[in-house]
Amino acid sequence: MKIQFCGAARTVTGSCYFLDTGKYKLLVDCGAFQGPYEVEKLNREKFPFDPAEIDYVFLTHSHFDHCGRLPVLIKQGFKGKIIATQPTRDIAQVILLDSARIQEEDYRRYKERAAKRDSGDDDYFVPKPMYHKDDVNRTMEFFKVYAYGESLELGDGLEFRMRDAGHILGSASFELWVKNAEGRARKFLFSGDLGQPGQRIIRDPDMVREADYVVVESTYGNRLHKSKDDTVLELLTILQGAAKSKSKVIIPTFAVERAQEILYELNLFYEKGLLDKNPVFLDSPMAIEATKIFRQYPTFYDEDAKRLIEKGDDPFGFPELQFTPTVDDSKRIVDAPAAIIMAGSGMCTGGRVLHHLKNNIEDSNNHVVFVGYQVKGTLGRRLVDREKTIRIHRKNLTVRAQVHTLGGFSAHADERDLRYWLRGLGHSPRTIFVTHGEEQTALGFAANIREELRVDTYVPNLGEVVEL
Ligand SMILES: [Zn+2]
């Protein structure tokens with residue numbers, strides 16, 4: 001029996017683990033690498049296994065770095081089943097379709113530019129799309145959805161169970177029971193991305209009691225999040241100040257989970273009469289789609305969100321809120337004197353938020369509020385780092401608006417949460433593989449866990465095969 005770490009090894013993106021039991025060939029996640037060109041280039045490399053031989057893909061959740069290469073797998077001959085929860089399937093469809101559209105548009109623009117200039121003297125290069133809309137639609141036919149908590153046998157010597165990972169709607173940790181060549185059962189536990197306990201809307205991560213081999217994420221394995229309550233209060237204070245001075249507040253928003261979480265907080269603010277009745281715009285077609293999916297699955301909510309529904313309240317809706325799916329709807333926002341505008345992308349790397357920033361950032365009366373992590377090199381990061389001049393759509397702009405960074409919203413467990421979750425396993429693991437973190441973070445976290453739990457830990461390299 002062997003496991004190969006085909007992604008998210010000493011790095012955060014590209015989650016993909018290949019487990020060969022001798023009898024079955026299994027994948028956990030088939031995500032895309034994201035980041036600078038040298039990293040994204042890895043998406044074009046051949047899989048280190050034959051996709052046609054894979055029996056099952058266990059998909060932990062619908063983030064692009066976990067599902068982004070599924071259509072490639074299918075194009076290359078995969079004939080098995082993709083196992084996930086229903087919300088994971090539905091949100092993955094939205095995310096993959098959006099990716100196909102962006103890949104096609106980027107490539108079309110690149111070809112147009114290339115046709116206009118002489119060849120060879122430009123570094124600007126966009127590869128052909130990895131897949132198209134039709135490939136995504138075909139991918140959806142391979143899904144088979146299950147509920148949390150049901151233990152199911154897929155074949156002789158192969159059993160699985162999904163547990164709530166508390167990260168985004170529908171996210172799961174996978175327990176897998178497999179038999180090795182000698183017929184002995186071994187239990188694997190793949191954490192997927194683990195959520196922060198106390199997160200809005202979704203439930204806290206389920207604790208798992210034992211496992212022989214564990215693959216655990218370590219995104220925030222070296223830090224502690226700011227308190228959530230302080231963060232929500234900070235948001236309220238900014239919004240109240242902005243309403244008083246009749247200014248615009250732009251919130252660059254990630255379409256899945258964060259957008260719904262902010263709507264949830266705004267709904268409570270308005271309901272309690274804490275904010276003036278200025279309009280709120282959700283100006284992101286993808287976030288609007290994701291919100292519709294969230295509304296479909298109240299059985300996946302935590303107790304607080306369920307209680308709101310029982311009272312007849314829509315956690316993602318209030319009279320001030322307007323969805324603006326079309327470009328014409330979006331253009332009308334310009335006329336609103338005071339408003340809260342939630343628009344993508346979350347790191348300001350593209351999308352409608354750029355138009356809103358262009359129109360509003362030079363006015364010192366306005367506010368930009370960041371509610372998610374900003375990767376180095378993005379426009380969002382430059383704003384968070386207080387750069388005074390930025391460039392949008394070939395125009396230089398002076399940043400006069402007030403920029404705020406709220407650190408407490410996170411869909412990821414921090415170091416304390418990860419330790420707590422692993423402690424639930426006691427001394428049962430033979431090895432804990434630490435993945436899905438930057439190299440130094442993963443190494444540090446692995447060392448801490450080894451010391452605390454007195455179990456073997458290991459940080460695999462990208463592509464490394466470990467015999468079990
Ligand atoms: Zn994730």
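**Reading the model**

Tutor: The protein has 14 helices and 22 strands, where helices (H or I, at least four residues) and strands (E, at least two) are DSSP runs numbered from the N terminus. Its radius of gyration is 23 Å, close to the 23 Å that the globule rule gives for 468 residues, so the protein is as compact as a globular protein of that length. The radius is taken over C-alpha atoms, and the globule rule is 2.2 Å times the number of residues to the power 0.38. This is a predicted model: local features need pLDDT of at least 70, side-chain atom pairs count only at pLDDT 80 or more, and totals for chains, interfaces and linings use all residues. Residues are numbered from 1 along each chain as its sequence is written.

Student: What box do the C-alpha atoms of the protein fill, and what percentage of its residues count as buried?

Tutor: Taken along the principal axes, the box is roughly 70 × 60 × 40 Å. A residue is buried if 20 or more other C-beta atoms lie within 10 Å of its own, exposed if 12 or fewer, and partly exposed in between, with C-beta atoms placed from the backbone. By that criterion, 43% of the 468 residues count as buried. Two residues are in contact if their C-beta atoms, placed from the backbone, lie within 7 Å. Of the contacts with a separation of 6 or more, 75% are between residues 24 or more positions apart.

Student: How is a helix pair read, and at what angle do H4 and H5 pack?

Tutor: Axes are lines fitted to C-alpha atoms, for helices over the stretch in contact, and angles run from 0 to 180 degrees between N-to-C directions. Angles under 35 degrees count as roughly parallel, over 145 as roughly antiparallel, 65 to 115 as roughly perpendicular and the rest as oblique. Helix H4 (residues 86–116) packs against helix H5 (residues 133–140) at about 160°, with the axes 9 Å apart. The two are therefore roughly antiparallel. The contact is formed by Gln-93, Leu-96, Leu-97 and Ala-100 of H4 with Lys-133, Val-136, Thr-139 and Met-140 of H5. Those residues comprise five nonpolar, two polar and one charged. Here Ala, Val, Leu, Ile, Met, Phe, Trp, Tyr, Cys and Pro count as nonpolar, Asp, Glu, Lys and Arg as charged, and the others, Gly among them, as polar.

Student: At roughly what angle do H4 and H8 cross?

Tutor: H4 and helix H8 (residues 285–296) cross at roughly 170°, and their axes come within 10 Å. That angle makes H4 roughly antiparallel to H8. On the H4 side the contact involves Pro-87, Asp-90, Ile-91, Val-94 and Asp-98, and on the H8 side Met-286, Glu-289, Ala-290 and Ile-293. Six of these residues are nonpolar, none is polar and three are charged.

Student: How are H13 and H14 oriented to each other?

Tutor: Helix H13 (residues 415–423) and helix H14 (residues 439–453) have axes that come within 11 Å and cross at roughly 40°. They are therefore oblique to each other. Glu-415, Arg-419, Leu-422 and Arg-423 of H13 meet Phe-445, Ile-449, Glu-452 and Leu-453 of H14. This contact divides into four nonpolar, no polar and four charged residues.

Student: Is Pro-71 buried or exposed, and which residues does Pro-71 touch?

Tutor: Pro-71 belongs to helix H3 (residues 70–75) and counts as buried, with 26 C-beta neighbours inside 10 Å. Not counting residues up to four places away in sequence, Pro-71 touches Leu-96, Tyr-131, Asp-135, Val-136 and Thr-139. Val-369, in strand E16 (residues 367–370), is likewise buried, with 22 such neighbours. Beyond four places in sequence, Val-369 contacts Leu-235, Ile-238, Val-249, Ile-251, His-404 and Leu-406.

Student: Which backbone details deserve a separate reading?

Tutor: Most residues other than glycine have a negative phi, and most peptide bonds are trans. Lys-246, not a glycine, has a positive phi of about 50°; this residue lies in the loop between helix H6 (228–244) and strand E12 (248–252). Lys-246 is exposed, with 12 other C-beta atoms within 10 Å. Glu-257 also has a positive phi, near 80°, and lies in the loop between E12 and helix H7 (258–271). Glu-257 counts as buried, with 27 C-beta neighbours inside 10 Å. Finally, a cis peptide bond joins Gly-344 and Ser-345, with omega about 5°. Ser-345 is in the loop between strand E15 (339–343) and helix H11 (353–360).
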